[in-house]
Amino acid sequence: MTTLHQTAQDAIAHLATVLPTAPSAGLQHMVTDLMATGLPLSFDRLTGSPVGSAQVRADGIVISLADVPLNEGVVGHELAAALLETKGWPCLFAGEDADMWIGRLQKTLASLLDHSAGVALQRSYAIDCEPYEQFLLDTQQASMNLLNAKSPILNTLDMTSEQEIEYGVGLALTAVERFWRTHIVPADFMNAMTLFPGSQALFIAITDMVTEGTPAQGWPARRLMGQIVERIDDYMEIKGDVRPMTVLSHFVPAIHPDDADQALGNVARLVMVPLDTDLTGEHSILILPHRDGLPFGFRQVLSSAETMQDFAERVVRAPYAAFCRALVPESFCFWQPEGPSELLRQPTLV
């Protein structure tokens, strides 16, 4: 059973038993800062996985370490991801099944910004992160090499539109992450993207959004993620006549104090998208906050125009913070992100 450490001292003592060397002052400092949230911290291992994960929930922070030889970088990588989440970093509370193509893309998207920011954060704590980060880059490079080696076969396959979208978007996001982490995109990455028309253009469109380095604070990171979701959907709409990332990707909303008691219609846009399902009148209900443009929502059956109008009026009048907390599972924490949070859009009702 995973042990929940209630104090930073206990968590550091645990790390001393699993790491090959005593935790450095920087790693101890990182643990202390993370646990300043007041949440307990636990560590476990993801058997058979070369990558780990970090989850910040209302009942505690769970750090799942990769199944690789442990060193400070392996631990620091996940601690950094958790620290960023406490700063209001973009985080999904609902997504599609990871066995589905859209679910795999959501997973890639969700970690896009925190990887480059996480490396910078580890270095600011003087964590020896380079060996593990290089291992992750080498693993990424090996995947590109394998894909390029299979290019003669790929060119002969009759791919579905979903496969073309998954590979095209996935490659673009992988190349974006590589560029933001190393400031270089190897030729193998560019060559792989040529196998899927539009992938390079998507890569360029996303990297052009960042001119002064990737964000280090929550609000700028959230706004950039909102813009990235829009660009991905632009690509998908051309390829498949759908915009699924906005409809299906539900990010944990951020609640600024100025917005908490406001009517939802004053601080967010309501979008109702009809769905082609077995339920007559089923809609995807999307909330797009003006401060970051990151979607979250749910599904609702609206069987008539009158029902839709009544529903929309009730939603836009609902207090924003109460609406968010009623919608998002209690296990997910809400953070007021760091950084400037000026409004980017004017209120609009659709």
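In this predicted model, Gln122 touches Met30, Gly73, Gly76, His77, Ala80, Ile127, Cys129 and Glu133, leaving aside residues up to four places away in sequence. Gln122 lies in helix α5, which covers residues 112–124. With a relative accessibility of 0%, Gln122 counts as buried, because the cut-off for that class is under 20% relative accessible area.

Ile63 belongs to strand β3. Ile63 is likewise buried, at a relative accessible area of 0%. Beyond residues up to four places away in sequence, Ile63 touches Leu41, Ser42, Phe43, Asp44, Ser53, Ala54, Glu78, Leu79 and Ala82. Gly198 stands 135 residues from Ile63 in sequence, and their C-alpha atoms are 37 Å apart in space.

The strand that holds Ile63 is part of an open sheet of three strands, arranged in the order β1-β3-β2 with mixed pairing. Strands β1 (41–46) and β2 (53–57) each have a single partner strand and stand at the edges, so one side of each has no neighbour in the sheet. On average, neighbouring strands of this sheet are turned by 15 degrees against each other, direction ignored. Strands β2 and β3 (residues 60–66) run antiparallel and are joined by five bridges. Val56, for instance, has Ile61 in β3 as its bridge partner.

The aromatic rings form a further topic. Across the whole structure, a search finds six aromatic pairs. Two of them are set out below.

| Pair | Centre to centre | Angle between planes | Arrangement |
|---|---|---|---|
| Tyr167 and Phe196 | 5.6 Å | 10 degrees | stacked |
| Phe298 and Phe311 | 6.2 Å | 70 degrees | edge-to-face |

Tyr167 and Phe196 count as stacked because their planes are at 10 degrees, and planes under 30 degrees apart fall in that class. This pair links distant parts of the chain: Tyr167 is in helix α8 (residues 161–182), whereas Phe196 is in the loop between α9 (187–193) and α10 (199–207), 29 residues apart. Tyr167 is partly exposed, with a relative accessible area of 38%, while Phe196 is buried, at 4%.

Together with Phe323, Phe298 and Phe311 form one aromatic cluster.

Technical notes. Residues are numbered from 1 along each chain as its sequence is written. This is a predicted model: local features need pLDDT of at least 70, side-chain atom pairs count only at pLDDT 80 or more; totals for chains, interfaces and linings use all residues. Side-chain values use heavy atoms; hydrogens and water are left out. Two strands pair if DSSP finds at least two bridges between them. Helices (H or I, at least four residues) and strands (E, at least two) are DSSP runs, numbered from the N terminus. Axes are lines fitted to C-alpha atoms, for helices over the stretch in contact, and angles run from 0 to 180 degrees between N-to-C directions. Buried means under 20% relative accessible area, exposed over 50%, partly exposed in between (1.4 Å probe, protein chains only). Contact means heavy atoms within 4.5 Å. Rings of Phe, Tyr and Trp (its six-membered ring) pair if their centres lie within 6.5 Å; planes under 30 degrees apart count as stacked, over 60 as edge-to-face and the rest as tilted.
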